[in-house]
Amino acid sequence: MSILVGKHIKEILFSSSLAEKVGNRIFLEGLNRETSFPFIVYTYNVERGDETKDGDMDNCQLTVYIFSKDGDSSLELAHEARKLLEHSKGDYANFSVLDTLFESYIGRLEEDVFVRELNFNIKTY
């Protein structure tokens with residue numbers, strides 16, 4: 001079940017050099033926590049994909065947001081997040097991640113906070 005794809009996302013983000021730079025300040029959207037900068041928020045949704053002879057494939061839309069007070073470091077964090085997630089795969093007890101495809105990047109300044117948004121499509125089975 002690709003609804004469980006959050007396990008893959010969390011494993012990639014928390015077990016990486018990215019986590020060394022932001023500590024435990026990586027959150028699934030909806031977790032309301034007071035925190036310090038920089039921090040990362042991610043969210044995902046699942047859409048039914050193609051049926052295959054072996055079962056159903058799903059498409060998961062993942063968005064990773066990086067929030068920082070420093071423009072250069074926010075770009076470095078965004079670049080690192082892309083490198084870690086792009087083409088990531090994995091086999092888990094109830095699902096498999098076949099591929100993670102980078103789709104788009106949006107950068108913006110909101111008041112005095114740099115926001116970097118990365119969008120991915122994760123194919124699961």
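1. Which residues does T124 touch, not counting residues up to four places away in sequence? T124 touches S2, V5, D56, M57, D58, C60, S96, V97 and L98. The model discussed here is a predicted one. T124 belongs to strand β6. Its relative accessible area is 0%, so T124 is buried.

2. With neighbours within four places in sequence left aside, the contacts of T100 are H8, L85, E86, H87, S88, F120, N121 and I122. A polar atom of the T100 side chain lies 3.0 Å from the backbone oxygen of S88. T100 and C60 are 40 residues apart along the chain, and their C-alpha atoms are separated by 9.1 Å.

3. The largest nonpolar core has 24 residues, and within this core L62 and V64 touch the most other members. Two or more residues come from each of α1 (6–14), α2 (17–22), β2 (39–52), β3 (55–68), α3 and β6 (113–124). Apart from this core lies another, of seven residues, with F27, V41, Y65 and V115 among them. In soluble globular proteins, nonpolar side chains tend to be buried together.

4. L62 deserves a separate entry. Residues up to four places away in sequence are not counted here; beyond them, L62 touches I9, Y42, T43, Y44, L85, L118, N119, F120 and I122.

5. Y65 is placed in strand β3 and is one of the residues of the seven-residue core. Is Y65 buried or exposed? Its relative accessible area is 19%, and the cut-off for buried is under 20%, so Y65 counts as buried. Not counting residues up to four places away in sequence, Y65 touches F39, I40, V41, T43, R108, V115, R116 and E117. Y65 and N119 are 54 residues apart in sequence, while their C-alpha atoms are 8.9 Å apart in space.

6. On the aromatic side chains: the model has six aromatic pairs. One aromatic cluster is formed by F27, F37, F39, Y65 and F67. The charged end of R82 sits over the ring of F102, 3.8 Å from the ring centre. The charged end of K10 sits over the ring of F14, and here the distance to the centre is 5.8 Å.

7. Helix α3 runs over residues 71–85. The expected span is 1.5 Å times one less than the number of residues. The buried residues of α3 are G71, S74, L77, A78, E80, A81 and L85. At the start of the helix, a side-chain oxygen of D70 comes to within 3.3 Å of the backbone nitrogen of D72.

8. Most residues other than glycine have a negative phi, and most peptide bonds are trans. H87 is found in the loop between α3 and β4 (90–91). With a relative accessible area of 46%, H87 is partly exposed. H87 is also one of the residues in contact with T100.

9. E111 is another residue other than glycine with a positive phi, near 55°. Its place is in the loop between β5 and β6. E111 has a relative accessible area of 79% and is therefore exposed.

10. Which peptide bond is cis, with omega near -10°? The bond in question runs from F37 to P38. P38 is in the loop between β1 (26–28) and β2, and F37 is a member of the aromatic cluster that includes Y65.

Definitions and conventions. Residues are numbered from 1 along each chain as its sequence is written. This is a predicted model: local features need pLDDT of at least 70, side-chain atom pairs count only at pLDDT 80 or more; totals for chains, interfaces and linings use all residues. Side-chain values use heavy atoms; hydrogens and water are left out. Rings of Phe, Tyr and Trp (its six-membered ring) pair if their centres lie within 6.5 Å; planes under 30 degrees apart count as stacked, over 60 as edge-to-face and the rest as tilted. A charge sits over a ring if NZ of Lys or CZ of Arg is within 6 Å of the ring centre and within 35 degrees of the ring normal. Contact means heavy atoms within 4.5 Å. A polar contact is a pair of N or O atoms within 3.5 Å; within protein, one must be able to donate a hydrogen and the other to accept it, and residues adjacent in sequence count only if both atoms are side-chain atoms. Helices (H or I, at least four residues) and strands (E, at least two) are DSSP runs, numbered from the N terminus. Buried means under 20% relative accessible area, exposed over 50%, partly exposed in between (1.4 Å probe, protein chains only). A nonpolar core is a set of buried Ala, Val, Leu, Ile, Met, Phe, Trp, Tyr and Cys residues joined through side-chain atoms within 4.5 Å.
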